Amino acid sequence: MGAHEHPQPQDADPAADGIGRRRFLGYVLAASTLTVAAEIGEAVLAPSRAAAVVPSVPGPAEIYDLNDMLTHATLPTANLITIRVDTDGTASFALPRAEVGQGITTSSAMLVAEELDLPLDKVRVTLADARPELLFNQLTGGSNTTISTFTPIRVAAAVARGRLLEAAALELGEAADTLTAKLGVITSSVTGKSLTYGELSAKAAAVTTSQVAVRLKSSSEFKVIGTAQRRVDALEAVTGRKKFAMDVHVPGALPAMVCRPPTINGTVRTVDNLDEVRAMPGITDVVRISTGVAVRGRTFGQCIDAVRALKVTWGPGTVDDASDDTIREELRKAELPLPALDLLTKSVDARFTFHFASNSALETNCAVADVREDSAEVWASLKSPITAQEQIALTLGLPASAVKVHVTQGGGSFGRKLFHDGAAEAAEISKATGKPVRLMWHRTDDFRQGRTHPMSTSRVRATYALGQVLTYDQRHTSVATEFGHGVGEIITSEAARLPVGDLTFSETIFTLTQQTPYNFGVVTQLLSEIDKGFHTGSMRNIYSPNVRCAQELIVDELAKRMGKDPCRFRRTFLKDERARAVLDKAAEVGSWGRSMPAGTAQGIALHPEYHSFVAVLAEIDCRPQTSGRKVPDAYTGPRVTKVVCAVDAGLAVNPRGLEAQMMGGIMDGIAITLSSGLHLADGHFLEGSWDNYFYTRQWNTPPELEIVVMPPTTGRPGGAGELAVAGAMAAVACAYGRATGTMPTTFPINHAGPLGFAPLPTTPPIPASPTDGLSRAY
């Protein structure tokens, strides 16, 4: 079929869904069965703003945020997003993003099912291998997947539906407008005859690639989008059939583990008993690599035994003398100055400290690699697979085309899998041994040598007079966050590693993510960074949880000093009506202001991000050891007893999935506020597993938890993957401050107390029992 004439834009009245009946372009690709593609990505809607006595100039992130940048970067290659309809009547879609539990395979399948008029169980979503031609379109981060693929996936599905209708019209000898498509079947309204998509898939296929115009459904026509759906992979997950990296079958790929240095970035000087360890039961190889000494064996238990038996002399690391106290002092010295105070105004002034934290995904860092003389193949859960492919190829001395990188399902990430450390290490071990390997990091490796959310401080000052906030200044100072994954490919990845490039990336990310939702007069938020000797990376929300927590605590203090209720104070100064709506809903459902016993309190906070808004109300019990409460001996701190979360993510493609995202974000927020942090001493972290890294679990999960998904406020999705973390952290911190009468300034709150556990030894950092090691590793 020849290319259609390029359609002219239509100036229709804006529809409620923000897309209206505008035309979109797609492609019918040359293939044996129907294969189609989309061309267009999402646009940006500017939020409305409310007037105030002392209004604030919109910040950069309110005008153009990180999500906008990532979405616009995907546009040139959005036409490479394809859907294939097969002869069995199913539609197959290779999602160029990483599924790590956030549910994007389900929401993507819903988009296909909606525009293709196909049952959801007839849509097959897989994860695409690394495809360098996609450039920035294969990066999973910044809550961007649903936003940037919302229109391209729908366009591709609509093109497929149109082609199937055309093929049916030819087959039945009828006009296309007499045919209807429903649940994968096209039926004639004249004769009643019908054909399935499977019967039409080959007939609808194209010999040449051509451009076609399509119209997308309006929101009023949606039957799938916006409905609560169970995850398409739920059955596989609960029955153990879901395949992760460690489930990939590669002939000859035996388990491998690494003996790592006692301090961060330490190096191997000598290995005194190589031959002895090589002779241990089941061990096939022991080799030195850039990050330590790798062992390959028949089982992971045998690998653990070998790692423990190694006698290695280690060289110094990059931060051997560093501790929490020394890093805090460096942060203080690097802090950017605040403006001079006006003597006619009053001020609230505070400094907050946020300690190192671990991404702590359930699945440890792992990968399978098979490196040969002229090629390599890698399997791993990767959020930036193109960067992984190109950098691994560079390290191996192979052309990128000779390195295949397969993206597997991931058991959590929270930012960790933006980096491909495990995949690179597996490839290095496979090359050194000349054999395929199945590498798994020990849990302790993840905590002590893995990526961490950097330690930071936030100095905040707000001035006020005559019932108005006049200025708000925040100086956030952080151990450098590494952005070596770039924007998903090697050019930006390498640029981010340059001495000036990394700071440029950090400043860009900070500027495009941090915003103040309140009219606080003149607002400044600035970032300064120090020390590049740590393995750091983004954790959920990047800078936002710490920045927002500090800001909301200051808002509470402003309300207190000005004699205002914290919720009504926020409502008065909010810029956006959508923000007011979620705040009102959280306050209503959570019964804000109700009478509570001494030592308990409510806190409320709001967080805007990526065209979405969340308000969280938290109730906390700070009384000593609540009666009947069973907690570990090492943790006797406060417990969050209730959380209400109101979320406006624009159009929620899958409200049930959105609820799950909010629940997970709330658990993260509780953890980093109260209990989950890393203690740094003499160049290493003391925590070694979850028995002393107190992530939120049953004994400190709120018994009452309610998520309210607001009705659609726009016709397009907003960011949701990270939204609740910052809101929950801030709400819990505010509740703690009101319950104790003292504003918290150090996080997690239990960090300054007794350590509460005996740290594992640093050499080797693996428990003595192989059974214990295996259980922790999994």
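## Helices across the sheet

Helix α8 (residues 300-309) lies across β10 (254-259), β12, β13 and β20 (437-440), and runs at about 25° to β10. Helices (H or I, at least four residues) and strands (E, at least two) are DSSP runs, numbered from the N terminus. Helix α11 (residues 421-433) lies across β10, β12, β13, β17 (366-371), β18 (376-380) and β20, at about 35° to β17. Axes are lines fitted to C-alpha atoms, for helices over the stretch in contact, and angles run from 0 to 180 degrees between N-to-C directions.

This is a predicted model: local features need pLDDT of at least 70, side-chain atom pairs count only at pLDDT 80 or more, and totals for chains, interfaces and linings use all residues. Residues are numbered from 1 along each chain as its sequence is written, and side-chain values use heavy atoms, with hydrogens and water left out.

## The sheet

The strands named above belong to an open sheet of 7 strands with mixed pairing, in the order β12-β13-β10-β20-β17-β18-β19. Two strands pair if DSSP finds at least two bridges between them. Strands of a sheet pair through backbone hydrogen bonds, either parallel or antiparallel. β12 (283-289) and β19 (403-407) stand at the edges with a single partner strand each, so one side of each has no neighbour in the sheet. On average, neighbouring strands of this sheet are turned by 20° against each other, direction ignored.

β12 and β13 form a hairpin with 2 residues between them. The two strands run antiparallel, and 6 bridges join β12 to β13 (residues 292-297). Val286 has Val295 in β13 as its bridge partner, and Arg288 stands opposite Val293 in β13. β12 is mostly covered, with 5 of its 7 residues buried. Buried means under 20% relative accessible area, exposed over 50%, and partly exposed in between (1.4 Å probe, protein chains only).

## Nonpolar cores

The largest nonpolar core has 91 residues, and Phe534 and Met662 have the most contacts inside it. Helix α19 (residues 723-740) gives the most to this core, with 13 residues. A second, separate core of 43 residues includes Ala113, Leu195, Ala204 and Phe222. A nonpolar core is a set of buried Ala, Val, Leu, Ile, Met, Phe, Trp, Tyr and Cys residues joined through side-chain atoms within 4.5 Å.

Leaving aside neighbours within four places in sequence, Phe534 is in contact with Ile264, Val319, Ala322, Ile327, Phe356, Val479, Leu680 and Phe685. Contact means heavy atoms within 4.5 Å. Phe685 lies in strand β29 (residues 684-685) and is buried, with a relative accessible area of 1%. Not counting residues up to four places away in sequence, the residues that Phe685 touches include Ile264, Phe356, Phe447, Arg448 and Phe534. Phe685 and Thr762 are 77 residues apart in sequence and 9.2 Å apart in space, C-alpha to C-alpha.

## A helix pair

The axes of helix α3 (residues 104-116) and helix α4 (residues 145-172) come within 7 Å and cross at roughly 35°. The crossing of α3 and α4 is right-handed: a crossing is left-handed if the near helix is turned anticlockwise from the far one by less than a right angle, and right-handed if clockwise. Among the residues that meet are Leu111 and Val112 in α3, and Phe150 and Ile153 in α4.

## Cysteines

A search of the whole structure finds 0 disulfides, a disulfide being a pair of cysteine sulfur atoms within 2.5 Å. Cys259 is buried, at 4% relative accessible area, whereas Cys622 is partly exposed at 22%.
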